[in-house]
Every structure is written in structure tokens, then in C-alpha cells.
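Please look over the sequence and the structure below before reading on. The report then takes up a few side chains and their surroundings.

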Amino acid sequence: MALSCGQLTTRVRIEQQTATVDSFGQRVETWTELASVWADFRHVSGMESARAGTQVSEARASVRIRYRDGVTAAMRLVHIFTGRVYNITAVLPDLARREFVDLVCEAAS
């Protein structure tokens, strides 16, 4: 199935963790933008539970973007409209036609 522009209605930012050195010579991990892309963003499940006496909310999402190399599970997505951060847990590329990449994500806590 071909991926159409009408399906890609959500803007997301793909970020990767990079290391820099601060003014004291200490290594600092920061997130930097790799790309800003249009996506088909779908929440596939949500769960609220009590852990260690506090309410915890989890949200999972399936995000489809146009095919691109180099996206890994070590990266994260930021939903540009809401600012919500999602950790990428799996990268599922369309290797046959190279039209899209499906990203399985969990909302960062």
C-alpha cells in the first residue's frame, strides 16, 4: 500500500542523544534534532496503574514516517504540537519497497 501525503498529518521531531563537554570539562548528554518529519501518529493503547503507591500513566503509539535510514531504538520522538516525548522501542522499516518506517513508541515518563 502506497503512503499518501493525506495520511501524514502530524509533525514530529526525531532526536538523538549526543555528548558534549560543559565549561567544567564534564561530559553532558543532550538531545539534538536529527530531523523534523510528517507522520501518521496513532495511539494504540493507554494504561493507568498504581506503582509504588503512585498513579502511573503509560501511552503507546505507532508512528509511520516516510522511509529513511539511520533511525534507531536509541532515539526518541517529540510530538511537535503537544511537546510530548516518546521513546522509540522498535524500528520496523519497509525493506521491500522502502516507502515507510513504522516506529513503535512509548511515552517517556
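Leu103 touches Ala61, Ser62, Val63, Ile65, Val71, Leu77, Ile88, Ala90 and Val91, residues up to four places away in sequence being left out, where contact means heavy atoms within 4.5 Å. This is a predicted model, in which local features need pLDDT of at least 70 and side-chain atom pairs count only at pLDDT 80 or more, while totals for chains, interfaces and linings use all residues. Residues are numbered from 1 along each chain as its sequence is written, and side-chain values use heavy atoms, without hydrogens and water.

The largest nonpolar core has 20 residues, of which Val63, Ile65, Leu77 and Leu103 touch the most other members; such a core is a set of buried Ala, Val, Leu, Ile, Met, Phe, Trp, Tyr and Cys residues joined through side-chain atoms within 4.5 Å, and buried means under 20% relative accessible area, exposed over 50% and partly exposed in between, with a 1.4 Å probe and protein chains only.

## The aromatic pair

The structure holds one aromatic pair. The ring centres of Phe41 and Tyr86 are 5.2 Å apart and their planes stand at 70 degrees, so the pair is edge-to-face; rings of Phe, Tyr and Trp (its six-membered ring) pair if their centres lie within 6.5 Å, with planes under 30 degrees apart counted as stacked, over 60 as edge-to-face and the rest as tilted. Both Phe41 and Tyr86 are buried.

## Arg76

Arg76 is buried, with a relative accessible area of 17%. Leaving aside neighbours within four places in sequence, Arg76 is in contact with residues including Glu15, Trp31 and Tyr86.
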